[in-house]
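Good morning, colleagues. Please have the sequence and the coordinates open as we go.

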Amino acid sequence: MSARIEPGRTDPRRPWRRSMRGWWHRNPYYLRYLAMEATSILIALYALILLLGLWRLTEGEAAWAAWLAMLKSPVSLALHAILLPVFAFHSYSWFRIMPKTLPAIEWRGKRLKQTTITALGIAAAVAVNLALLLLLAGVQP
Amino acid sequence: MPDTARSIELEILRYLPESGHEPWYQVYEVPFEDDWSVLQGLQFIKDDLDSTLSFRWSCRMAICGSCGLMIDGVPRLGCRTFLRNYYPRRVRITALQHFPIERDLVIVADDFIDKLKRAKPWLIPKQARALADGEYLQSPAELAHYRQFSTCINCLLCYAACPQYGLDAEFAGPGILALLHRYNADSRDGGREQRMDLGHSDAGFWGCTAVAYCSEVCPKEVDPANAINQNKMGSAIDYLLRFVRPRGSGE
């Protein structure tokens, strides 16, 4: 905290300004918000790993196979075990915020609840991921 | 004096500018009844224990928006928060966060008032009408389009909830931007262009990082986070269109 008292001031008003230091641990809501923001760093990191794979693919079959082998290394598997829940939390946090970004949606004359919009988003994400997994399982030799 | 055997400790952040002291916490033991609000607890202190305590209040029924306080760190209206919900714990009460303290629980709201004018929170009619033309008609559906955002009572709880407002001196904040949206969304209004200088700026929608705690604490379910963030898509499209729109098109 710090006072904003100017020297020689005669005005009896002396508004007291409070510091923002450590604001993020004043409320669990802020911690959850920062967790949402922080997980995006790991999302960006994973996007780089995928881009690296794309680049290795252009380098030929050997390079591509080496990248695939790298993904199957114990360090990589451990990283994926950490990243999976991080991605799940990040996805959930954005679907939770999604209704805030949309104008009111009407369905049969009634306004869709924000929790319904969030649930629909999560359901769509789960369905797309399942479809992708099934597709990949079908493609496997 | 209340007819009760129960009492609760209120720990209040005091600040008396003329004393030259920094703010300090003072604890009062307040006897209370089941239906007493935090505001009534403060009024008991003022009337019976310590007349030097300052706080704002007026209607005591969640309409005037005067008695916003941090109650155990959460922005709440003193008049609709009950002491019984905290008993037997001690309750900590401070002035609304992110505003300078004028005195005790009274904040300086000058910054909010100055920024409020920039949003032009009044109807700017699409077309001027003569009195003889009658009233501006609006359908229930058109009313529903903005009604939720029109119930703001300017209590500033959303400002006390918004860390961006505390960190960024330029940010107009949740309440003002919700009001800006309220008038833009009104079918009778034609002032959108005039308001969007603020809306599209960093002080407007883009100053919001979607913490969304403002909507949690709003006592009137205005949902400022929704008012702000539903404008970001339109604002982004508007920004990108500048690059493809012919020069001198006048838009």
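This is a predicted model: local features need pLDDT of at least 70, side-chain atom pairs count only at pLDDT 80 or more; totals for chains, interfaces and linings use all residues.

Let us begin at the hairpin formed by β3(B) and β4(B), where two residues lie between the strands and B:D72 adopts a positive phi near 50°.

The strands β3(B) and β5, residues 91-94 of chain B, are joined by two bridges and run antiparallel.

That brings us to the sheet as a whole. Which order do the strands follow? In chain B the order is β2-β1-β5-β3-β4, in an open sheet of five strands with mixed pairing. At the edges are β2 (24-31) and β4 (74-77) of chain B, each of which pairs on one side only. From one strand to the next, the twist averages 35°. A helix, α1(B), packs on this sheet and touches β1, β2, β3 and β5 of chain B. The direction of α1(B) makes about 95° with that of β2(B).

The chain has nine helices and seven strands. Its C-alpha atoms fill a box of roughly 75 × 40 × 30 Å along the principal axes. Of its 251 residues, 38% count as buried. Among contacts in chain B with a separation of 6 or more, 66% are between residues 24 or more positions apart.

The domain assignment divides chain B into domain 1 (7-107) and domain 2 (110-244). The centres of these two domains, taken over C-alpha atoms, are separated by 30 Å. How many residues of each domain are in contact with the other? There are 15 from domain 1 of chain B and 13 from domain 2 of chain B. On the domain 1 side, β3 and β4 of chain B each supply at least two residues. It is β4(B) that gives the most to that side, with four residues. By class, the domain 1 side comprises nine nonpolar, four polar and two charged residues.

I turn next to the interior. In soluble globular proteins, nonpolar side chains tend to be buried together. Here, the largest nonpolar core has 64 residues, and those with the most contacts inside it are B:C158 and B:C214. Several elements of chain B supply at least two residues each, among them β1 (7-14), α1 (38-49), β3 (68-71), α6 (174-184) and α9 (224-244). The largest share, six residues, comes from α6(B). Both domains take part: the core draws at least three residues from each of domain 1 and domain 2 of chain B.

What is B:C158 in contact with, leaving aside its neighbours within four places in sequence? The list is B:P174, B:G175, B:C214, B:V217, B:C218 and B:P224.

A few points of backbone geometry deserve attention. Most residues other than glycine have a negative phi, and most peptide bonds are trans. Against that background, B:L156 has a positive phi of about 70° although it is not a glycine. This residue, B:L156, lies in the loop between α3 and α4 of chain B. Is B:L156 buried or exposed? B:L156 counts as buried because it has 24 C-beta neighbours inside 10 Å, where the cut-off is 20 or more.

B:K120 likewise has a positive phi, of about 45°, and is not a glycine. Its place is in the loop between α2 (110-118) and α3 (140-146) of chain B. With 17 C-beta neighbours inside 10 Å, B:K120 counts as partly exposed.

There is also a cis peptide bond, from B:Y87 to B:P88, with omega near 5°. B:P88 is placed in the loop between β4 and β5 of chain B.

Finally, the partner chain. In this model, 19 residues of chain A are in contact with 23 residues of chain B. On the chain A side, the elements that give two or more residues are β2 (16-17) and α1 (28-58) of chain A. The largest share, three residues, comes from α1(A). By class, that side of chain A has 12 nonpolar, two polar and five charged residues.

Thank you for your attention.

Notes. Residues are numbered from 1 along each chain as its sequence is written. Chains are lettered from A and ligands numbered from 1 in the order in which they are written. A nonpolar core is a set of buried Ala, Val, Leu, Ile, Met, Phe, Trp, Tyr and Cys residues joined through C-beta atoms within 7 Å. A residue is buried if 20 or more other C-beta atoms lie within 10 Å of its own, exposed if 12 or fewer, and partly exposed in between; C-beta atoms are placed from the backbone. Domain bounds come from an automatic or database domain assignment. Two residues are in contact if their C-beta atoms, placed from the backbone, lie within 7 Å. Two strands pair if DSSP finds at least two bridges between them. Axes are lines fitted to C-alpha atoms, for helices over the stretch in contact, and angles run from 0 to 180 degrees between N-to-C directions. Ala, Val, Leu, Ile, Met, Phe, Trp, Tyr, Cys and Pro count as nonpolar, Asp, Glu, Lys and Arg as charged, and the others, Gly among them, as polar.
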